[in-house]
Amino acid sequence: MAPSTEASDTDTSTPVCHVVTPVGMMGYGFDEQLTEAVLESLVSTSTPTALILDSGSTDSGPEKLALGITTCPRSSYYRDLGDGSDTHVKEISQIIEEIAADKGNEHYRFKVLAIFAGIDKAIVLDRLRKGSITGCGKFVPPLTEHDIENASTIVGQLGPEPFMDAMSAEPDFDIVIGGRAYDPAPYVAYAAHSMRTQLANADPEEKTRLFGAFQHMGKIMECGGLCSEPKSHGAVATIYDNGTFDIVPTLPTSRCTPLSVAAHTLYEKSRPDVLHGPGGWLGLTKSTYEQRANGRAVRVSGSTFHFSEDNQQPYQLKLEAATIVGYRSMYMGTIRDPILVRQIDPLIEQVGSYVAAQHPDVSDWDIQWHIHGKDESGKAVNGVFLVGEVIAPTQAQARAIATTARVATMHGSYPGQKATSGNFGFGIGGKVEVDLGPCAKFSIYHLMDLKEGEKRLFSPDREQEAPDVNPEEPRVRILHTVSTIGRGENTTTWRRNAARTTTEEKRIDSSAEPKANSPESTSQKTLPGSVSSDSKKEKLPPPTVLGDIARVLRSKNAGPYEITLDVMFETEATYQAVKQSGLLAEDRVAAALGVSREHIVWRGFFDPARAFKVTIPRIRGGKLVPAGGFMEDDVHGTQQHLELFNLRLSDGLLERLSA
C-alpha cells in the first residue's frame, strides 16, 4: 500500500510537488519495493515529484572532513543510489557512472548536475582579516589563521540558491549531486523550482509564507520517516500552493501525528522557536499541526521564513573544517576483583604515572580512561569495563604508550591484593591493543558574511554585474558541472511514456486506511494526535520522575559544539502542571546537567509543541570540546538525557497531575 497524500474534499489548495525521502541517510539502506510503490502511486497525480536523500553530516564526528572518507562504505552508496567535500561529490558521480555502465542498465541516460561546496582558504583568510567571520554558536572558539592553514579542506554549507540556479539553468535535469549543504536546502530548492512562476509574482508576505513551508518541510524530511510512530525509514511530503504541506510515512503500519511531527521540528536544534539557516531564519511560533482525515498524514501550516537581506543583514555561509591532531590507540578489558574494583581510581592514577615515567622522550601525548560500571555516586559495582585511550604524534608512539598502560593495568599492585596473577581481563576479539588511526578534531564551524551574488551559482556575467566586485579581492565562487551519464534514450521519452499511465492503473491503494467514521478520521487542530483508545494499555506504577510523565525525552547534538535536550508531553494538563511547578527552573536544570547557569545556551518552554528544551555546550573533563576526537564516547549526544529523566517529581506536582 502506498501512502495517501490527497487533501480532503473541502480543501481548495493545489499540490505543487511531491518529495519522497526513502531513508534519512543515503547508505543506510531502504526498502526498494516500498519506495517503488510510493513513486508509482505519485506518477498518476501529474505533479512534479523528486526523490531527495541526505548524506553529509557533522553528526558522526570530524573524520569525514579531515580524512575525506564517507559515513558508509562505498558499496552502500552504490546500493542506495559524501559528507560534502568536492571529493565526495566526485565519488558519487563515479558511482552513478558505474551503475549506468552495469549490464542490464543500457537504457539509462541521466543529465547530472554536480554542485561543489569547497571554499578556497585564501577567501577565508581574507574575510577573517576583515572581521567578517564569527563563531556559529556562543561557545565556538574564535577562528584563527592557524585553524585555516591546518584544515584538511574547508566546505561551505550551501543554501538553496545554488540548487535553484542549477535547476533553472537545466530544467530537464535528472539528478542533482550537491556538496556540503544545509540539510533542508535541496528540499527548499526543488519546492521553489516547482513553484517558480508563483514565486516570481509573489509579494514579500507570500514569499515569507511559502519559503516558511519549504524550509519547515525540508527540516522534517531530511531525516526521512523519523517524524512518525513507529519510526518509518521514509516519508512523503506534498507542498501546496497556499504555503502548507503534508507529511506521511512510507511504511504502511506507521503514522504521523501532530505530536510526532512537532517533536521532530525541534529535533537537534538549539531552540524550538527560531531555526537559523543560510539566508535567514525559520519562525515556528505560529506553526500548526493538523491530523488529516486518513489518520496517517499531518498538515503543517503557519511557518514563516525571514530573509536576512530584508532585515539589512548579510547572507552568511557556515564554514566547516576539521584537522588531524594526532594518532590514537586503545586497550580495553574488565576488572571484576571486588577488592580492586573499590580502588579503581587510585590504580588508574598509578598507571598514568608509570606510563609518563616510561616514555619521557614522547611529547604532546595524553592517556585517559573510559570507566563503565560505576553507579550514580561514582562507586564501581559488579565490576567495571575499562577502556584506555591514548593520543600521540605518531601511531607507533600511541601504540607503545597503550601497551605500557595495559601492562601497568594488568600487573599494578594495590592494597589487599590477592589475585596476584593479574588484575585485568583483556584480549577482546583477539586484540591486546587496537590502533585507531588519525584523530580528527573540528577546527572550523563559523559563519562568514557573503558579498553580493556569492550565495548564487557562479556566473561570470553575474559576478561582473555585482556592485562591490573588486578584481583584486578573492571571492566565493560556487561551481557546478553538467554531464550526461549513460547511453540510453533521451529521458524526455521516459517522461512522456510515464505521463500516459492512467490514474486507474497507478491509483493509490487506500484499502488499509482508517474508515471515515473511525476515531482517527477526524481532523485535529490540537496537539497531540492520539492513538485509538480501543487499544489496551499496560497499567503503569505511579510516576515518580520526569521520565515517567514525558511523552518524548531525548538528547541530541545540535552541531558539533552543543547538546540539546527535549521534553514533550502528551496532554495540555500535564504540560501546564510541569510548566507551573518550577521543576525545570534554570537553576534546577543546570544542577541536574552539571553545568553553570552561564553555560545554558537556551532554555524554555514552547507551547505550540507542548515542549521544554534546554541546550548546553559539550563539556568533557571540565573543558569545552567539539564532538568526536579524543575521548569521545557519545558523538551523537543521544545518551545525555538521563539526568533530566531522573528528576524527581515534587509532591505538589504529583497532586496537580492526579487532580
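**Ground rules.** I number residues from 1 along each chain as its sequence is written, and side-chain values use heavy atoms, with hydrogens and water left out. As the model is predicted, local features need pLDDT of at least 70 and side-chain atom pairs count only at pLDDT 80 or more, while totals for chains, interfaces and linings use all residues.

**Ring pairs.** I paired rings of Phe, Tyr and Trp (its six-membered ring) if their centres lie within 6.5 Å; planes under 30 degrees apart are stacked, over 60 edge-to-face, the rest tilted. That gave me ten aromatic pairs.

**Y331 and F424.** I found this pair edge-to-face, with 5.8 Å between centres and 80 degrees between planes. Y331 is in strand β14, F424 in the loop between α14 and β17, 93 residues apart. (Helices, H or I of at least four residues, and strands, E of at least two, are DSSP runs numbered from the N terminus.)

Buried or exposed, I wondered about Y331? Y331 is buried at 0% relative accessibility, and F424 is buried too, at 6%. (Buried means under 20% relative accessible area, exposed over 50%, partly exposed in between, with a 1.4 Å probe and protein chains only.)

**Y575 and F605.** This pair is also edge-to-face, at 6.0 Å and 70 degrees. It links helix α18, which holds Y575, to strand β22, which holds F605. Y575 is buried at 0%, but F605 is partly exposed at 22%.

**Cluster.** I saw ring pairs join F211, F214, F305 and F307.

**Charges over rings.** My test was NZ of Lys or CZ of Arg within 6 Å of the ring centre and within 35 degrees of the ring normal. R299 sits over Y240 at 4.3 Å, and R406 over F426 at 4.9 Å.
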